[in-house]
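Please keep the sequence and the model at hand while reading.

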Amino acid sequence: MKRAGTTDPYKPSPWYFAGRKMAAAQRFELGPLRANCYILEHGGEALVIDPGWPYGLEEVLRRVKRVKAIVATHGHFDHVGGVALAKEITGAPFAIHERDVELARRARELTLRYLGVEVPEVPPPDFTLREGEAIEVGGLEVRVIETPGHTMGSISLLIPQGVFVGDLLIASKRALSMTSYGAVFTGDTLFRGTVGRVDLPHSSAELMRESLRKLASLPRETVVYPGHGPPTTIGEELEHNPYLMDLL
Ligand SMILES: [Zn+2]
Ligand SMILES: [Zn+2]
């Protein structure tokens, strides 16, 4: 198997507020299944989302300072395969939803079975995540939304609209409208133009529909960073994604 590096790094413009950098997300496609690993940076701290593959991960993480946590959107092997290495490099704790802990524990075995590649054992989580909880990254609140369906412990991570309201007290109304959007990291629940598989063991089409309804109710301008493929917005998906259009 050829060594998978950091292909097609995607660097969206950082969000600016009154000339001050607020937050930035970078996307790296890792491994043969090209799962997106995201680095979210804010206020001198970072969150590593879905370090799915150990090969090429060191180059991605070397430049990142002060990693607050390593979070998996779900337990599939293409999203957790690099967790052990990410912990070793950053010293940060690993978090996942309780209901996907077992799936993550089996990642090494499944990577070997499906891809014929050896990856290190995924360590048990240092803490688990639930609906309504938040991880604070350099003063930015990243909220956990439970979005089961693809797996029972699938989560999305939301930076809500208006989260910068503390800073906006000193702002003009124009600046307020410029920054009044959010972002959501959706794992394998919602992609650009499609949704995650629900024909796998431990998946549920019914729960997936509910989860997609939850995501569809976010503000239309919300930027969607999926587990595979390019970013999109909730509004774009409501208009073009047949699975979301079906729900309405
Ligand atoms: Zn998956
Ligand atoms: Zn995946």
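Predicted model: local features only at pLDDT ≥ 70, side-chain atom pairs only at ≥ 80, totals over all residues.

Two strands are said to pair if DSSP finds at least two bridges between them, where strands (E, at least two residues) and helices (H or I, at least four residues) are DSSP runs numbered from the N terminus. Residues are numbered from 1 along each chain as its sequence is written, and chains are lettered from A and ligands numbered from 1 in the order in which they are written.

**Overall make-up**

- The protein chain has 10 helices and 14 strands.
- Of its 248 residues, 44% count as buried, a residue being buried if 20 or more other C-beta atoms lie within 10 Å of its own, exposed if 12 or fewer, and partly exposed in between, with C-beta atoms placed from the backbone.
- Among contacts between residues at least 6 apart in sequence, 62% join residues at least 24 apart; two residues are in contact if their C-beta atoms, placed from the backbone, lie within 7 Å.

- Strand β5 (residues 45–49) is mostly covered, with four of its five residues buried.
- On pairing with strand β6 (residues 67–71), β5 runs in the parallel sense over four bridges, and β5, helix α1 (residues 57–62) and β6 make a right-handed β-α-β unit, meaning that, with the strands pointing away from the viewer, the path from the first strand over the helix to the second runs clockwise.
- Parallel pairing is also found between β6 and strand β7 (residues 94–97), over two bridges, with Phe94 in β7 as the bridge partner of Ile70.
- Strand β7 in turn pairs with strand β8 (residues 127–129) in the parallel sense over three bridges, and Phe127 in β8 is the bridge partner of Ala95.

**Val67 in strand β6**

- Val67 lies in strand β6 and counts as buried because it has 21 C-beta neighbours inside 10 Å.
- Leaving aside neighbours within four places in sequence, Val67 is in contact with Ala46, Val48, Thr90 and Ala92.
- The C-alpha atoms of Val67 and Glu41 are separated by 8.8 Å, although these residues are 26 residues apart along the chain.

**The sheet from β9 to β14**

- An open sheet of six strands has the order β9-β10-β11-β12-β13-β14, with mixed pairing.
- Its edges are β9 (134–137) and β14 (232–233), each with a single partner strand, so one side of each is left without a neighbour in the sheet.
- Strand β13 (residues 223–226) pairs with β14 in the antiparallel sense over two bridges, and Thr232 in β14 is the bridge partner of Val224.

- In helix α3 (residues 83–90), the buried residues are Val83, Ala84, Ala86, Lys87 and Thr90; seen down the axis they fall within an arc of 165°, so they line one face of the helix, the arc being that of the directions from the helix axis to the C-beta atoms.
- These buried residues of α3 pack against β5, α1, β6, α2 (77–80) and β7, and just after α3, Gly91 takes a positive phi of about 70°.
- In helix α8, Met208, Ser211, Leu212 and Leu215 are buried, and they cover an arc of only 100° around the axis, which puts them on the same side of α8.
- On the other side of α8, Glu206 and Arg213 are exposed, whereas the cover over the buried residues includes β11 (155–159), β12 (183–187), α9 (234–240) and α10 (242–247).

**The largest nonpolar core**

- A nonpolar core is a set of buried Ala, Val, Leu, Ile, Met, Phe, Trp, Tyr and Cys residues joined through C-beta atoms within 7 Å.
- Of the 59 residues in the largest such core, Leu40, Leu47, Val48, Ile49, Ile70 and Leu157 touch the most other members, and the largest share of this core, five residues, comes from β4.
- Leaving aside neighbours within four places in sequence, Leu157 is in contact with Ile49, Val71, Val142, Val144, Val184 and Phe185.
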